[in-house]
Amino acid sequence: MDNIKINGIKTYAYHGVFDAERQLGQFFITDVTMHLDLTAASTTDDLDLTVNYGEAYKLIEDVIAGEPVNLIEYLAGKVSQTLFDRYDKIVGVEVTITKVNPPIEGHYENVSITLNRKREN
Ligand SMILES: Nc1nc2c(c(=O)[nH]1)N=C([C@H](O)[C@@H](O)CO)CN2
């Protein structure tokens, strides 16, 4: 299946279980792969026959910068549902959300979750 990827969307937001995360905020990195058939766009050169990744970026950014939630899993679910609702052409979405510097003691690079969703309707 063809895909369009938007990688490394960096957003300051206030998601998290802890009060400190809700008050201070932190950076989130979002990577999105949208699965769709790109045959029409690749043979006609017509933007209307694909997903405009500039517009999709804005939708994703608005979700991440929006109302705070507890879990990055839930946030990724909101991103994937937003893309399915906006674009009929999308048949699958993979969303990875990374907390660059979560309030967890220890030595590690970062934490992330990845959600893979297929269109249900
Ligand atoms: N699976 C998850 N575990 C945790 C999350 C999360 O979003 N998904 N979040 C937290 C805290 O908000 C974290 O930022 C610091 O511990 C804990 N675990």
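Trainee: Which residues does UniProt list for "domain: Dihydroneopterin aldolase/epimerase"?
Mentor: The UniProt record, an unreviewed entry, gives residues 4-117 for that domain. UniProt positions follow the numbering used here, feature names are shortened, and annotations may be inferred rather than shown by experiment. Residues are numbered from 1 along each chain as its sequence is written. What you see is a predicted model: local features need pLDDT of at least 70, side-chain atom pairs count only at pLDDT 80 or more, and totals for chains, interfaces and linings use all residues.

Trainee: What is the span of residues 4-117 made of?
Mentor: That span is 34% helix and 31% strand, and its end C-alpha atoms lie 15 Å apart. Helices (H or I, at least four residues) and strands (E, at least two) are DSSP runs, numbered from the N terminus. The protein chain has four helices and four strands, in the order β-α-β-α-α-α-β-β from the N terminus on. Along its principal axes, the C-alpha trace of the chain spans about 50 × 25 × 25 Å.

Trainee: How do you know that β1 and β2 pair?
Mentor: Let's count bridges! Strands pair if DSSP finds at least two bridges between them. Nine bridges join β1 to β2, so these antiparallel strands count as a pair. One spot to look at is A13, which stands opposite Q26 in β2.

Trainee: What makes β3 a partner of both β2 and β4?
Mentor: Again, the bridges. Strand β2 (residues 26-35) is joined to strand β3 (residues 92-99) by eight bridges, and the two run antiparallel. Here D31 has T96 as its bridge partner, and T33 has E94. On to strand β4 (residues 111-118): eight bridges link it with β3, also in the antiparallel sense. There, G92 stands opposite K118, and E94 stands opposite N116.

Trainee: Why are β1 and β4 called edge strands?
Mentor: The four strands form an open sheet in the order β1-β2-β3-β4, with antiparallel pairing. Each of β1 (3-13) and β4 pairs on one side only, and that is what makes them edge strands. Ignoring direction, neighbouring strands of this sheet are turned by 15° against each other on average.

Trainee: How are α3 and α4 packed together, and which residues make the contact?
Mentor: Helix α3 (residues 53-64) and helix α4 (residues 72-86) pack at an angle of about 145°, with their axes 10 Å apart. The α3 side of the contact has A56, L59, I60, V63 and I64, and the α4 side has L75, K78, V79, T82, L83 and R86. Residues are in contact if their C-beta atoms, placed from the backbone, lie within 7 Å.

Trainee: What makes up this contact by class?
Mentor: Eight nonpolar, one polar and two charged residues. Ala, Val, Leu, Ile, Met, Phe, Trp, Tyr, Cys and Pro count as nonpolar, Asp, Glu, Lys and Arg as charged, and the others, Gly among them, as polar. K78 and R86 of α4 therefore count as charged.

Note on methods. Axes are lines fitted to C-alpha atoms, for helices over the stretch in contact, and angles run from 0 to 180 degrees between N-to-C directions. Two residues are in contact if their C-beta atoms, placed from the backbone, lie within 7 Å.
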